[in-house]
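I opened this structure to look up how its parts meet and what surrounds the ligand. My entries follow in the order in which I looked.

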Amino acid sequence: MGKTYRIGVIPGDGTGPEVTAEAVKALKALSAKRSLDFQFTEFALGGELYLKEGVLLPDEIIADLQGMDSIFLGAIGHPDVKPGVLEREVLLKLRFEMDLYINLRPVMLFPGVETPLKDKGPEDIDFVVVRENTEGLYAGGGGFFKKGTPDEVALQEAVSTRKGVERCIRYAFEYCRKRDEKKRLTLCGKTNVLIFESDLWHRVFYEVAKDYPEIELDYQHVDAISMWMIKNPESFDVVVTTNMFGDIITDIGAMVQGGLGIAAGGNIHPGGIGMFEPIGGSAPKYTGRNIINPLAAISAAQMMLDYLEEDEAGKDLLEAIKKVTKNDLKSMEAGKMGFSTREVGDLVVGYL
Ligand code: IPM
Ligand code: MN
């Protein structure tokens, strides 16, 4: 037997449990092939638990999760819970409490997957967004003044700390060096308007860059990058940005790579724990129908293997996913794949 990994599994809400089952299935198939031992521990967090017991994310659960080698998350979000409660008190709390300060989101077009971008193929669409994951507008600072009156004021503050910005930018440089592709790092900001936040990011970016002379530097405003990601996706290698900008541009990225059915991400504390998730959310309208695409979740499992430095197993899984997109699936969209959720999981296992 190779190494043993304790994996915390949060299937969560909506289609989360369905896609999580397929990701776990793929990991189990790999464990036989590559003689790895995965021990899965399930955590019943999410909307159902909250509605039944009023429980969101207790400290003991955070402690248990932090004792794992890695975490897999299906989806958090429930139609009967007011927007913001589960998002802030479960998903964002997981990110903040475990200090998962990097949100890594690859934008990669797999073979056979349709992109809405005309005349672009897998060789053109292959970059990674490094999104800061614990600060910015997500810090939750601000407040109301004279709420509910005609004189009402709403303040929403973005927090950027020197330490938070530097560790994120440094990670992006290291990642770009290790990725060893175009060796180009793009900083995405809004220096022409956000004269404090973007100024700090810009200064730190060029300062840290001195330690990475082999990396080509690029800066783009967030509005411009939203165009270039669509017009010239091939010009990007690694992009680093703030929490909010990263949230927005990675949804553009998800569409560019063929939709939410295929887009995965990792929330990581470099050198420590990571939490990997399909980024599509809980998709209530597809719940329980065995029609959602599990490839985003299986890709998240693949990112987990990479992060655990199980390179061979990660490569096996990536190749299997690419074979499924190339040979089998008609579409990445729920209900249009030509296969059920479980069948897509079986196809991946078959190629493994
Ligand atoms: C994401 C999601 C979350 C975010 C929401 C659900 C809070 O959109 O993971 O991108 O904004 O980060
Ligand atoms: Mn988002």
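**Domains and ligand site**

I began where the domains meet: six residues of domain 1 are in contact with nine residues of domain 2, contact being heavy atoms within 4.5 Å. This is a predicted model, in which local features need pLDDT of at least 70, side-chain atom pairs count only at pLDDT 80 or more, and totals for chains, interfaces and linings use all residues. Residues are numbered from 1 along each chain as its sequence is written, chains are lettered from A and ligands numbered from 1 in the order in which they are written, and side-chain values use heavy atoms, with hydrogens and water left out.

I noted the bounds: domain 1 is 1-99 + 273-352 and domain 2 is 115-257, taken from an automatic or database domain assignment. The C-alpha centres of the two domains lie 25 Å apart.

I looked up the area next. Domain 1 and domain 2 bury about 650 Å² between them, with 51% of it on carbon and sulfur atoms; buried area is the accessible area (1.4 Å probe) that two parts lose on being put together, summed over both. Of the area that domain 1 buries against domain 2, R95, F96 and D99 supply 61%, more than any other three residues.

Which residues surround ligand 1? I found E87, L91, R95, R105, R131, Y138 and D247, each with a heavy atom within 4 Å of the ligand. Helix 4 (residues 85-97) gives the largest share of this shell, three residues; helices are DSSP runs (H or I, at least four residues), numbered from the N terminus.

Why does ligand 1 lie between the domains? Both domain 1 and domain 2 give residues to the shell, so ligand 1 lies between them.

I then checked polar side-chain atoms against oxygen atoms of ligand 1 (polar contact: a pair of N or O atoms within 3.5 Å). The distance is 2.8 Å for R105, 2.6 Å for Y138 and 2.9 Å for D247.

Terms used: Polar contact = N/O pair within 3.5 Å; in protein donor to acceptor, adjacent residues only side chain to side chain. Helix = DSSP H or I, 4+ residues; strand = E, 2+ residues; numbered from the N terminus.
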